[in-house]
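Here are some notes to go with the model, jotted down while going through it. Have it open beside you as you read.

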Amino acid sequence: MELSHWLQHIVVLLLNVWIPSCFAQTTPPVRSSPTTTSQTPESLKFRLSGFPRKHNEGRIEVFFEGEWGTICDDDFSLANAHILCHHLGFVSATGWTHSAKYGKGTGKIWLDNVQCSGSERSISMCKSRGWGNSDCTHDEDAGVICKDERLPGYMDSNVIEVQVDENKVEEVRLHPVVTMATKRMPITEGVVEVKYKDGWAQICDNEWTPKNSHVVCGMMGFPHERKVNKNFYKHLRKRSAESKVKVTAARQEPKAKVNPKTSSKPKPGKSAAAKRLYAERQKNHFLVHSVACLGTEVHLGACPLEFNFGNATKSCPGGMPAVVSCIPGPLYAQNSAMRRKLKIAPSMRLKGGAKHGEGRVEVLKGSEWGTVCDDRWNLLSASVVCRELGFGSAKEALTGARMGQGLGSIHMNEVKCTGHERSLWNCHYKNISAEDCKHTEDASVRCNVPYMGYEKTVRILGGRSRYEGRVEVLHVETNGTLHWGLICGEGWGTEEAMVVCRQLGLGYANHGLQETWYWDSSNVTAMVMSGVKCTGEELSLSQCQHHKTVNCQKATARFSAGVICSETASDLVLNAPLVQQTAYIEDRPLHMLYCAAEEDCLSKSAAKANWPYGHRRLLRFSSQIHNIGRADFRPKAGRHSWVWHACHGHYHSMDIFTHYDLLSANGTKVAEGHKASFCLEDTECEEGVSKRYECANFGEQGITVGCWDLYRHDIDCQWIDITDVKPGNYILQVVINPNYEVSESDFTNNAMKCNLKYDGHRIWVHNCHTGDAFSEEAERRFEKYPGQLNNQIS
């Protein structure tokens with residue numbers, strides 16, 4: 001008997017080896033209509049190629065049977081692109097290309113007439129003509145454009161190997177048992193469930209450890225786990241079992257009349273929760289028998305898992321599903337007392353991200369903020385950063401300044417964490433020299449953040465794409481009814497648009513629009529919000545200030561608020577050391593200042609001067625403005641609305657591009673000299689970056705990523721008129737894009753400040769820095785630093 005059983009296993013094994021090899025040697029026939037390919041390779045590799053392209057787009061290439069090849073664009077669709085982007089480690093696709101947009105590939109054309117529904121786990125499961133069977137040329141190579149967001153656990157690599165495995169944990173959730181917990185966001189406690197086929201399955205809690213909970217909480221966007229009150233859940237389980245016995249007994253006994261004096265309503269609370277738990281237990285399907293995480297994994301699927309087979313509902317003694325309870329970070333704490341108790345590290349921050357929980361990693365060393373070099377940067381180190389800042393584990397460890405370039409020093413290099421550290425400073429790292437790293441290698445992270453459901457309360461409609469449209473919010477009437485109402489466009493700007501784009505997960509705000517008559521595609525006409533004022537940091541519009549009752553002068557749909565969002569944004573920053581090096585005083589004759597007076601670049605007292613006699617005392621300096629972001633800086637207004645200024649012979653593309661102010665120690669303005677943007681162009685660029693914008697011949701204006709615009713100290717209006725300023729200690733402040741007229745990924749670095757001492761004849765400018773370069777304590781001491789001698793021209 002045992003021998004026959006053994007022989008049976010041998011036969012099955014041989015069949016499993018022989019049958020796939022037969023299929024591999026058979027050339028699939030040409031089909032008139034696509035069908036599912038008979039070959040389903042167990043392992044494939046994918047990559048993006050071609051030029052010009054960004055890291056998340058390109059010609060799609062597949063590695064099969066030892067050779068790289070392309071995919072033909074016949075019958076290609078967005079559903080195909082979704083599957084391929086998923087293979088490449090991106091969350092989804094935003095578009096696809098045809099006709100070899102990224103250049104023609106070489107070698108095989110592996111797939112043709114691919115038709116996916118979007119639900120397939122692999123491109124090999126989609127309908128096609130079969131592997132290697134195509135009537136296309138490389139002029140028809142398909143390309144994909146993926147959303148710039150990685151799937152959990154994927155490293156930032158272009159070549160991704162894909163293993164198709166049914167027993168693979170991808171999606172995980174916490175399913176609350178207590179009814180009240182389902183109404184609170186975020187959900188911090190519940191039964192751990194994993195996506196399985198078209199439903200959800202549970203995990204047996206036998207040998208469940210705090211390390212497992214730590215991993216699950218990290219996935220859910222929480223930095224820490226806490227001990228679960230198992231007695232509470234055991235009590236609920238016991239009551240649910242008693243309820244089952246009573247129900248069974250009631251079915252077996254004959255019906256009797258109910259005595260109204262002795263009957264009573266079921267007690268709310270625990271009994272209701274027990275019934276809910278019993279109902280959940282009736283549906284329990286224990287897909288995973290045991291989990292053995294180390295606690296450093298960023299995803300439950302990375303832990304050693306033991307899967308159940310057969311009748312899985314009986315494979316967990318006692319039938320108790322694993323329950324996890326998490327501690328939220330301060331940003332997501334449910335009450336103010338908890339927010340005060342939960343403090344995040346003051347020595348770590350994220351900059352340049354489109355939403356909370358993502359950005360360029362910056363660390364505080366001494367009193368100066370600096371960046372981290374991306375050498376050896378990985379998910380373990382990124383997760384330490386994320387948890388330290390009150391988020392969950394890391395979804396992505398990004399390299400190559402993917403969240404823009406930082407400024408100043410690079411404090412850390414070759415960071416190597418075990419994953420157990422409480423702070424990045426506890427990890428092993430190297431101090432670096434100027435030769436080791438550049439800001440083009442700044443490390444960034446994307447962290448897991450708690451799901452809040454904010455995207456359900458706002459929507460944008462009517463635009464040409466999902467990234468633009470009229471803003472509508474979900475409004476709750478006093479009687480509890482829900483309907484979409486519009487937002488008054490008066491006062492609506494970039495900061496408000498930033499909140500909407502973040503709330504919808506659409507990246508950065510490109511524009512905040514006060515008129516949307518050209519997007520009139522909705523039947524919604526009621527104004528339900530007005531006077532909306534946001535700082536730009538809020539998680540949702542509901543957290544912004546607004547009128548208690550609607551007060552809108554133009555309360556019609558055509559004047560409702562709208563937004564245009566973008567996945568990338570520019571980031572302008574001023575070269576602070578150059579300001580310090582080039583500052584000087586000039587007494588300029590009035591007869592040379594007519595043009596400056598016309599453009600309002602002198603103080604008000606100049607109007608009372610005895611023109612053309614006398615002079616004005618000007619504080620002059622050079623401004624070098626860099627674009628360190630991920631998109632070009634372009635004026636909001638089109639060239640048709642630019643204003644020609646005959647005095648200087650140029651067009652103004654923005655009303656106000658910079659503010660130049662001289663402040664007293666308490667912040668009062670003692671002199672100001674704002675200037676319009678007379679020209680935005682690429683003066684110089686980094687190595688390998690080409691200039692795109694030039695003012696000559698009514699050319700396009702802007703600043704390219706990796707380039708800078710230089711306003712020399714000897715240009716008109718490149719000054720502050722200090723004729724009326726008395727001797728003393730002051731603060732020189734320069735603010736770029738002060739009215740947020742053009743969107744940027746980070747506005748906190750738009751201001752630059754210097755200490756300035758003026759004795760009536762000479763100036764000393766020192767300690768120039770961007771507004772967020774120092775610690776808060778250093779900023780408080782800012783005006784107390786001793787002066788240093790600088791360039792002086794009397």
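**Notes on the predicted model**

1. Let's start with helix H8 (residues 494-503): ten of its ten residues are buried, so the helix is largely enclosed by the rest of the structure. Bear in mind that this is a predicted model.

2. What does H8 sit against? Just past the end of the helix, Gly 505 takes a positive phi of about 70 degrees.

3. Next, the largest nonpolar core, which has 33 residues. Which of them touch the most other members? Those are Phe 621, Phe 657 and Leu 732. At least two core residues come from each of these elements: strand E30 (572-574), helix H9 (576-582), and strands E36 (654-663), E42 (728-736), E43 (751-758) and E44 (763-770).

4. Leaving aside neighbours within four places in sequence, Leu 732 is in contact with Val 579, Leu 619, Phe 621, Asp 661, Leu 662, Ile 720, Met 752, Lys 753, Cys 754 and Leu 756. There is also a second, separate core of 27 residues, and Val 372, Ala 382, Cys 386 and Val 415 are among them.

5. Is Ser 290 buried or exposed? Ser 290 has a relative accessible area of 17%, and because the cut-off for buried is under 20%, this serine counts as buried. Ser 290 is part of strand E14 (residues 286-291). Not counting residues up to four places away in sequence, Ser 290 touches Pro 304, Leu 305 and Glu 306.

6. Now a few backbone spots to look at. Most residues other than glycine have a negative phi, and most peptide bonds are trans. Glu 414 is not a glycine, yet has a positive phi of about 50 degrees, and its place is in strand E21 (residues 410-416).

7. Last one: where is the cis peptide bond between Trp 611 and Pro 612? Omega for that bond is near 0 degrees, and Pro 612 lies in the loop between helix H10 (594-598) and strand E32 (615-620).

Conventions. Residues are numbered from 1 along each chain as its sequence is written. This is a predicted model: local features need pLDDT of at least 70, side-chain atom pairs count only at pLDDT 80 or more; totals for chains, interfaces and linings use all residues. Side-chain values use heavy atoms; hydrogens and water are left out. A nonpolar core is a set of buried Ala, Val, Leu, Ile, Met, Phe, Trp, Tyr and Cys residues joined through side-chain atoms within 4.5 Å. Buried means under 20% relative accessible area, exposed over 50%, partly exposed in between (1.4 Å probe, protein chains only). Helices (H or I, at least four residues) and strands (E, at least two) are DSSP runs, numbered from the N terminus. Contact means heavy atoms within 4.5 Å.
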